[in-house]
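Please keep the sequence and the coordinates at hand while reading.

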Amino acid sequence: MTDLVDIPEPRGLPLLGNLFDINEEFPLGSMVHLADQHGEIYRLSLPGRTIVFVSSQALVHETCDEKRFVKSVNKTLEQVRNGIGDGLFTAHNEEENWGIAHRVLMPAFGPLSIRGMFDEMHDIASQLALKWARAGPDAAIDVVDDFTRLTLDTLALCSMGYRFNSYYSQEMHPFIEAMGNFLTEAGERSRRPPLPQVFYKAKNEKFAHDIDVMRKTAQGVLDARRAGNEERHDLLDAMLKGVDKQTGKKMTDESIMDNLITFLIAGHETTSGMLSFAFYQLLKHPEAYEKAQREVDEVIGKDPITVEHMSKLPYITAVLRETLRVNATIPLFTVMPREDTVIGGKYAVKAGEIIVDLLAKSHLDPNVHGDDALAFRPERMLDDEFNRLSQEFPDFWKPFGNGMRACIGRPFAWQEALLVMAMLLQNFNFVLDPKYIYNVKQTLTIKPKDLHMRAILRDGMNPTTLQGRLLGMTKGTKGGSKGDDDAAAADGYGKPITILYGSNSGTCEALAQRVATDAPMHGFRAAKVDCLDSAKGQLPTDQPVVIVTASYEGQPPDNAGHFVAWLQNREPDSLKDVKYTVFGCGHRDWVQTYHRVPKLVDEHLEKAGAQRVADMGLADASSGDIFTDFEAWEDHTLWPSLAKTFGVSSDDAPEAKSAAAVKVAVSAPRITTLRQDVAEATVISAQALTPDDDRRHIEIKLPEGMTYSAGDYLAILPINPRETVQRALRRFKLARDAHLEITTDGGLVALPTNTSIPANDVLGSYVELAQPATKRNILAIAEYVADGSVKSTLEHMAGAGYDQEVKAKRLSALAILERFTEVDLPIGVFLSMLPPMRVRQYSISSSPLWKPNHATVTYTVLNKPSLSGEGAHIGVATSYLASLMENDTLHVAIRPSHAAFSMPSNPETTPAIYIAAGSGLAPFRGFTQERAAMLAAGRKLAPAMFFFGCRAPDNDDLYRDEFDAWEKMGAVSVYRSYSRAPDQSEGAKHVDDIMQVHKDKLIDLWRQGAKVYVCGSRGVSESVRLAIMKLKMEKDGSEDEEGTKEWFESQRNVRYVADIFD
């Protein structure tokens, strides 16, 4: 027999044990965090008991053996029993009422009974669809709230003939409020410290009141059924009339009420969570969304949905399965051994000891699903693959529980979910709230917290035609090319134009807003400015469409993915009446995917028959000239082409000087407004890492609910350097306490309008003061010059001299105004020419296994002489970060890294090679910190090497003490190169040199299946690429450079991943 192994157990406190290792607000997060750290099994000690957590498919499968293990009613369910007694979900196995209810109700959940409930399910689902339609395409829908109303109303109607009518009132029925409070308190009671009950008197009284409300409601339903004459064959009817064949007994009134409440609690919670997570996942995965919607269109079309359609939706079935794999709404269940036993062949557990089957981890086991186990991929859950996995890895998918205690209502929930998914995808397109930050709320189940989206009717429908379709009275209207979006803009001057953007960082959105602002000067008006996803299936045919979009490592922006997925599946000539043009942004460092998305959009629009009315424009973000390139495209391509095609003349436009775009009045008090999808965080500490203070470290406490993985980015919304703001105030002769009141002539600007705000805030927080001036900026400045020679100089700078005198020196509009003091430029014109402040991204240099809600950033402060020779060039974001101190607040968001740039899904078997220079070590500090936490918890990992380049050991050998400690414990082996002290780094000056010195070790680890990660500047990335190619040719004894290049490219984003910055 294999020797027994101690189950890993975090160090606890005397008497209290690990009580404080579990977060009261989100206990699941703590459980998963500990599983990440300790591996497939760990034990927690709590007052009076111990709990074992298992998180691999193999251990979950073993503990699902009902001959050895039996369901345990955990502490939370024990508290729920206060309200629902021995209902199906909360009963102990030996309780008679459970057996009677189970046997009586099983036939009521049979296939024919469930099919008979379809019409009532359709009734409630139609109420939801009509509510969303009537709210309009711009309404922010509270997804979880509306799905909760849906599932509760459906259960109440189908199971007991009762209507809560949740969609006809803003306020929930008292039962629903009482139930929510009851479940929350039940969870909290299970985690309370063992204090005298007098400390909880008020909460206990509220708990009892909520139970009373629920039971009185159930009693009322029961009494009404007995008093009425309606003949229904539903669950309540089965409970009232059914006789248990085994005991000959009927269910008692108490048991009926227990189970009525049980159905409402367990059924509505899980199904609403499943639907909410399903839509979140589809909105984050446009290709899966497109496949699901296409299946509905092919199977159902525009016809009314019937019960026969439910068995013909294999892809949506796979979507729901995959949703419950990735986001199991009941993320764990508990069992206990019938007798002392050993699991996993080496871990001893006692009879009666609680074992938590942690589905939130076992469902993501890489031994079952491979390296993409964390990814949402419905294809793995299609019938054939699902059945294969079920045979090869039994119990790999357990969202409905186990064995005889599994969820009795699964067929009901599945039919309801399929119907709702089909109805909503048939009739709507959806757009995720761009500011949504993923977070999970936990009660008895889990749901996405504060999830909002927009619902846009398809096929040109309005709420009235939708109602007809749902009732089977009409098949709706096809097309929608002249949708309702234009109605709001029906009045006003100019030819209407639709402007669509795909933007993550805000740059393309700002360019789209600029088109809208400039449109009136060219005889057009913006009828719609919105994200690309809002136009899926809704491209207008009566006006030009201007599309501004970026590529992110070859993928569409978050708010354009659904449009792109839809566009790629259009038939020839399906968009033949659409007139369009595209402007694209990209970054040349991503050679293989440079401008992929804008070119793809342009190509597929043309393939679908759309007419290109202006040549595509392209810009390179790495050059810093996006705004200049965009203005050149606007002036020389876009507006002339549109004027020619649509017969519009700018001469007919109302006269407007640039100054009219933004008017400013100096006044008083202060109101500030923030944009971007960021939330408020707190600085915990900030410190210098090098003697010259140019490399720095900052630790940040993240906003509540914001989570990250090692390798992710922290997006920071900065504030302009104080020195730069003071320069602007001086140039415009504004006092430091001056206020501005900004108004517009209807144009769209990214500035706080129609309110008084300090000038310091406007200049500091809202605009990019350091942005290099564009040619149009300089010509606008020249309009306000009386002196002929100065005007000529400025016109030269905007023309032949632009590249050398402005672009090469990165002269900002502010710097030009400081040079030409005679220019009397209104501040409104100045503000209107500047792009809005955008977020900056930095690699996070920590691991959530260190502190789940803390993140650190490692950065280099930019402060060097400007290229113009006048003053200093101060980095906007790095100077802002350097100014922050303990307890300061800032606005941040988490941006996930490229899927390939993350810890291996199975670090026990996949070695890692990290390569970086300077502050490029940031993600590898996070990776190594995570490896160290895993090792400290007793896990065994594959080896890791880190090749790091810096200046000198006493200068910028960053985090040396930490890496020495991690190296000592076996988390990593570090090999350093010192450019200013090569004699102390085996003669290696640069990181590619130290790789060559230790090439045998590197090659050996590569042969073991290592994954190579590189983080640094373009120069570092290129030197590493050449070094790896050289090693490859040396190892193979080959001089085939082209073949080696092809080999290297085949490894990119597979076993070689790079994060490049400059």
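## An enclosed helix

In this predicted model, helix 24, which spans residues 759-766, has 7 of its 8 residues buried, so the helix is largely enclosed by the rest of the structure. The residues concerned are Ala759, Asp761, Val762, Leu763, Gly764, Ser765 and Tyr766, where buried stands for a relative accessible area under 20%.

What do the buried residues of helix 24 pack against? Their partners include two helices, namely helix 23 (722-731) and helix 29 (827-833), together with strand 23 (739-744) and strand 24 (756-758).

Elsewhere in the chain, 3 strands form an open sheet, with antiparallel pairing and the order 4-12-9. Strand 4 (141-142) and strand 9 (428-432) stand at the edges and have a single partner strand each, so that one side of each remains without a neighbour in the sheet.

The pairing of strand 4 with strand 12, which covers residues 452-457, is antiparallel and runs over 2 bridges. Within this pairing, isoleucine 141 has methionine 453 of strand 12 as its bridge partner. In general terms, the strands of a sheet pair through backbone hydrogen bonds, in either a parallel or an antiparallel manner.

## A partly exposed serine

Serine 883 lies in helix 30, which is made up of residues 876-883. With a relative accessible area of 46%, serine 883 counts as partly exposed, because that class lies between the limits of 20% for buried and 50% for exposed.

## The chain as a whole

The protein chain contains 36 helices and 34 strands. Its radius of gyration is 32 Å, which agrees with the value near 31 Å that a compact globule of 1062 residues would have. Taken along the principal axes, the box filled by the C-alpha atoms is roughly 105 × 75 × 65 Å.

Of the 1062 residues in the protein chain, 56% are buried.

How values were computed. Residues numbered from 1 in each chain as written. Predicted model: local features only at pLDDT ≥ 70, side-chain atom pairs only at ≥ 80, totals over all residues. Heavy atoms only, no water. Helix = DSSP H or I, 4+ residues; strand = E, 2+ residues; numbered from the N terminus. Rg over C-alpha atoms; globule rule 2.2 N^0.38 Å. Buried < 20%, exposed > 50% of the residue type's maximum accessible area, 1.4 Å probe, protein only. Pairing = 2+ DSSP bridges. Contact = heavy atoms within 4.5 Å.
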